[in-house]
Amino acid sequence: MGYVKPPRQICHIVSSLSDTAQNDLVFANIRQFPQPHYEHTLVVLKKSKVQPVKLPRQVSCLELALKGSLIRRLCECNKALSALKPDVCQTYGDTTFPIQWLAHRLDIPVKLHIHADSVNRPNGLSRILRQWKYRVLSHSTDFVVTSEDEGLVWLEKKVGLEPGKAHLIRTGIDNRHHCPPLREVDPNITNHFIGTVPIPTQRFVVGVPVSGFSKSTVLSFLDEYMAARKQSPAFARECLLLLLGNSPHLRAYRNVLDSFSITEESVRFYSHLSDNDRFYSHIDVVVSLNDEKQTPVGLLQAMSMGLPVITNRSESGESEGDHPLRWQVAKNDPLMQYQLLTLFSDSRLRLKLGQASRSYVMQKHNHHEHRIRYRALYELAKRNRPLLHEEEAPTPRITPSQLNR
């Protein structure tokens with residue numbers, strides 16, 4: 001009787017289930033590797049105070065509800081890992097990173113830490129301690145994975161991880177969730193609602209996520225917006241700017257707009273939204289305030305919803321035809337004010353760019369690409385480990401340079 005290869009056991013360790021964005025990432029990773037070839041166990045360190053979370057199918061969940069001293073909590077985690085004996089240990093977020101040290105001691109074959117940037121970024125001493133934690137504990141894990149360009153820069157430049165330790169793997173976009181079918185427009189509906197904020201259906205709505213951006217970056221965009229209003233009375237009358245995100249500078253932005261007599265008829269704020277898809281479904285254009293070389297996961301989700309994108313572009317940068325992020329602007333001027341006016345005046349271009357955005361994400365950032373990159377890391381981590389069975393053939397390897405895309 002031939003040897004039957006058992007499913008690969010993957011253990012996902014999170015601090016809690018209260019972080020919606022982190023849950024999406026964990027569940028996306030779980031869905032990439034379904035049964036019968038993989039089995040998943042979700043380990044939650046703290047008892048959740050939020051409403052019960054719907055887990056993916058066929059995933060086990062162990063809630064440790066850790067209490068007491070650090071030594072006691074580490075002992076509980078050690079017992080859990082010893083009992084589970086996973087083939088792959090994946091920790092998420094800074095709090096769970098020390099558990100990779102336990103996984104290292106237990107000789108778990110593959111150890112991945114999934115780095116996530118906190119919305120409330122640490123300052124001063126906290127930032128130094130965070131960098132120190134990564135430097136000290138990184139030896140325990142095979143790779144540190146991040147889904148954002150900024151995270152990769154931080155790991156390589158600030159923390160100073162050795163070459164090949166940090167990898168950029170963007171989240172695979174769930175096309176069933178982020179690419180809803182086109183719906184018929186009901187002319188009787190005059191307002192949509194994002195939270196409690198009414199969004200008129202007949203206006204040209206520009207969405208601007210502002211969380212995590214410096215005050216100067218957002219104010220620079222508002223200058224571009226004001227310049228577009230001066231050039232086109234129709235744009236000033238029909239454009240509705242919607243700023244979304246938790247930012248300590250929201251009052252300052254409001255004061256700047258008030259100084260130009262911009263009322264709520266033209267600009268509205270929403271500080272927090274747990275379901276960004278609702279935001280994306282009721283706007284016509286999304287503005288990315290990121291550096292032109294960065295493509296965050298949030299922007300990919302907006303693009304998958306079929307939205308054209310306005311971006312920061314350097315004056316020396318050349319347009320690339322119908323590329324969804326570097327499309328041709330009227331008068332060949334890349335300033336945001338001209339991008340705003342171009343999309344406002346050309347509904348066909350908006351539709352064309354929206355379709356291009358969705359196609360780009362589905363081709364470059366789908367589940368298949370996501371799965372290939374994680375599989376490659378698993379194989380790279382096991383490269384120097386002996387095979388347990390002669391019948392177990394190695395999976396074709398992908399070089400690290402192919403992972404960082």
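**A friendly note on the strands of this model**

1. Tyr92 stands opposite Ile114 in S5. The two strands here are S4 (residues 88-92) and S5 (residues 110-115), which pair in the parallel sense over five bridges; strands count as paired if DSSP finds at least two bridges between them. Strands are DSSP runs (E, at least two residues) and helices likewise (H or I, at least four), numbered from the N terminus.

2. Before going on: this is a predicted model, where local features need pLDDT of at least 70. Residues are numbered from 1 along each chain as its sequence is written.

3. Now the sheet around S4 and S5. Seven strands form an open sheet with parallel pairing, in the order S3-S2-S1-S4-S5-S6-S7. Its edge strands, S3 (59-63) and S7 (166-168), each pair on one side only. On average, neighbouring strands of this sheet are turned by 25° against each other, direction ignored.

4. Helix H2 (residues 70-84) packs on that sheet, touching S1 (8-14), S2 (38-44), S3 and S4; contact means heavy atoms within 4.5 Å. The direction of H2 makes about 165° with that of S1 (axes are lines fitted to C-alpha atoms, for helices over the stretch in contact, and angles run from 0 to 180 degrees between N-to-C directions).

5. Next, have a look at S13 (residues 285-288). Both of its faces are covered: Val285 and Val287 on one side, and Val286 and Ser288 on the other, are all buried (under 20% relative accessible area, 1.4 Å probe, protein chains only).

6. Val286 is the bridge partner of Gly207, and Val309 in S14 is the bridge partner of Val286.

Conventions
This is a predicted model: local features need pLDDT of at least 70, side-chain atom pairs count only at pLDDT 80 or more; totals for chains, interfaces and linings use all residues. Side-chain values use heavy atoms; hydrogens and water are left out. Buried means under 20% relative accessible area, exposed over 50%, partly exposed in between (1.4 Å probe, protein chains only).
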